[in-house]
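Please find below some notes on the model you passed along. They go from the whole chain to local details.

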Amino acid sequence: MKKSLQANQPRSPGSSSDGTDQVHDQCIVPTKVITIADSFEKREHSWSITSQIPTDLSIQVQEITFNVHKYPMMSKCGYIGRLELQPSISNFGYELKLENFPGGSETFEIILKFCYGLPVDLNPNNIAPLRCASEFLEMTEELEDGNLITKTEAFLTFVVLSSWKDTITVLKSCEALSPWAENLQIVRRCCDSLAWKASKEKSSIGDVVHEEGWWFDDVAILRIDHFRRIITAIRAKGTKPEIIGKCIMHYAERWLPGMDMEIEGVRGYGHGKNEFHFSIYSEKEEGGIGGIAHSKEQKTIIEGLVSMLPPQQEAVSCKFLLQMLKMAMVYSATPALISELEKRVGMMLEDANVNDLLIPSYKNVDQGKLTNSPEQCTMHDIDVVQRIVEYFLMHEQKQQQQKSGKYNISKLLDNYLAEIARDPNLSITKFQVLAESLPENARTCDDGLYRAIDTFLKTNPSLSEHERRRLCKIMNNEKLSLDACMHAAQNDRLPLRTIVQVLLSEQLKMRAAMQEKENGNTSEQEGNQSSTNMEIKTLKADLENIKMKMAELQSDYSELQQEYGKLSNKPKNVSGWTFSWRKIKNSFHAKLDGDETGDRQQRPNSVGCRGSFKRRLSIS
């Protein structure tokens, strides 16, 4: 049968139909089949049309067989029209098997209803499968006006893409329609529409105003490749890297359940035993095809999320990067991806904490067997942290940052050394290399390093004297605090030579502390002496003022005596002179008492001097 085979649009049941056949291009299309094709019979694995005219075409889609009439299908489906149908062996008619039909049997059932002229409900859940299926069957306008391709394309463009929720629904349904949804640009158009709506800082959809990050939950349900398309489009529109980073972290929390858990690659040792136990948070151990498929899916998600991380340091936290690094190691990601994560963690190592740096050792886990070398059986992966510290130092040299950053890293590294020192399989070489990875001036105090060394000696009591001295050479005794020196002097785990050096350092520190104390007392005495000198100067100034006032009073007294001598020859004026003398004397005593009161409040030490002066005046 050729593609040129066509048929008129099926008439509605209300139209005039006398049951006669119509002839088009030398092909007979029975109209009676169309008008009575509103009765269907569904069974477990079959789908049949009940009509007076027997069906002559069997179409198999997946496990369902559809018994239909050939001509209604050929009139709207160019793909069926140009096929050379094979006669059926079991019954009269033809057989057709549609391999890889997009949407499956459910979508083909809707296609049949459309071909028979029955009403079809288009909605966001079935529009993408119908669009792909109509393209598969070549239901174009050349066969009939208003064919299914045109209808589904119009619904997708004008109805779906204008709604956020409908676009999410359609994009989710496209996950099972590859590669048809990609080739028909359904995925691209949906991703662009979502990116345009999400790139707004404050988006209003309908009557609801959404704040920043309102779209995280919706895009988190999508497959990783569709999620990456949306993030790429959003970044191209200038969205802040912090928002993109938050969205990526939100997606990881949904699809990587081990992100929020403390993953321990190796757990513990038996009491008094060196037995080694593996305990990895991974579903690889479940075995089977399902476990392998899940492992591949997790690996794909991890690699996809890392590839779309913004380059800015503030985009994601250091804790998230370390969690991703652990998951990448669990699911055996590529070495290039693990190296990229290590570099990014090294750039942000100041924000890390010790628990995040405790990366379990996943070596030889995939083989499920133990190794004979104790150095390869450590609880934590020391090499990863060593590389991270090296990347940090390289970044420090490039950025030329201040020493304070290194100080924070030294405390972090010392605390990490104290944690891994509890591992009995940790070698002295690895411990020493990691401890000496920081430059000498990075540590202002070696108390944390001393604690780590003491923990290592406590975990490994069988070390020789040479190994103990080799280990203690890492720390600088002069940088130990006085408390640490006192503890180290009584620590029998340290070698004798180190104890002697610590005692000498302790004596020097105690001597320095005593000198500082003496200097403090001397300075205090000097301060008291200076305050006494100031008081003496003040008293001397007060004494000078008193002398000046005494001179003035003596001058006044001499003048009064002269006047008294002149008036002594005039008896009649004695009463007047007596009155004047008393008035002057009273004013003189009032002035002297006022000066005494003010000086007594300010300078108590001068009261005796002024009191004696008053008594001398009264005697005179």
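1. Basis. This is a predicted model, in which local features need pLDDT of at least 70 and side-chain atom pairs count only at pLDDT 80 or more, while totals for chains, interfaces and linings use all residues. Residues are numbered from 1 along each chain as its sequence is written, and side-chain values use heavy atoms, with hydrogens and water left out.

2. Whole chain. The protein chain holds 25 helices and 10 strands; these are DSSP runs numbered from the N terminus (helices H or I, at least four residues; strands E, at least two). Of its 620 residues, 42% are buried, where buried means under 20% relative accessible area, exposed over 50%, and partly exposed in between (1.4 Å probe, protein chains only). The chain exposes about 34700 Å², and carbon and sulfur atoms supply 50% of that area; accessible areas come from the Shrake-Rupley method with a 1.4 Å probe, and for residues only the protein chains shown count as cover. Taking contacts between residues at least 6 apart in sequence, 66% join residues at least 24 apart (contact means heavy atoms within 4.5 Å).

3. Main core. The largest nonpolar core has 114 residues, and Trp-215, Phe-227, Leu-305, Leu-349 and Phe-431 touch the most other members. A nonpolar core here is a set of buried Ala, Val, Leu, Ile, Met, Phe, Trp, Tyr and Cys residues joined through side-chain atoms within 4.5 Å. Helix H14 (residues 318–330) gives the most to this core, 10 residues. Leaving aside residues up to four places away in sequence, Phe-431 touches Leu-417, Ala-421, Leu-426, Ala-452, Ile-453, Phe-456, Leu-471 and Ile-474.

4. Separate core. Another core, of 30 residues, lies apart from the largest one; among its members are Ile-49, Ile-64, Phe-114 and Leu-148.

5. Strand E6 and its partners. Four of the five residues of E6 (residues 64–68) are buried. E6 pairs with E4 (residues 46–49) in the parallel sense over three bridges, and with E5 (residues 57–61) in the antiparallel sense over five bridges; two strands pair if DSSP finds at least two bridges between them. Thr-65 in E6 stands opposite Ser-46 and also opposite Gln-60. E5 and E6 form a hairpin with two residues between them, and Gln-62 in the turn has a positive phi of about 60 degrees.

6. Surface patch. Which residues make the nonpolar surface patch of about 250 Å²? They are Leu-482, Met-486 and Met-510. Patches are made of residues with over 30% relative accessible area and no salt bridge, with like charges joined within 9 Å and nonpolar side chains (Val, Leu, Ile, Met, Phe, Trp, Tyr) within 5 Å; a salt bridge is a side-chain nitrogen of Lys or Arg within 4 Å of a carboxyl oxygen of Asp or Glu. Met-486 is found in helix H22 (residues 482–489) and is partly exposed, at a relative accessible area of 41%.

7. Backbone details. The peptide bond from Ser-178 to Pro-179 is cis, with omega near 0 degrees; Pro-179 lies in the loop between helices H7 (164–173) and H8 (180–183). Asn-100 has a positive phi near 55 degrees in the loop between strand E8 (94–98) and helix H4 (104–115), and counts as exposed at 70% relative accessibility. Ser-332 has a positive phi near 55 degrees; Ser-332 lies in the loop between H14 and helix H15 (335–347) and is partly exposed, with a relative accessible area of 33%.
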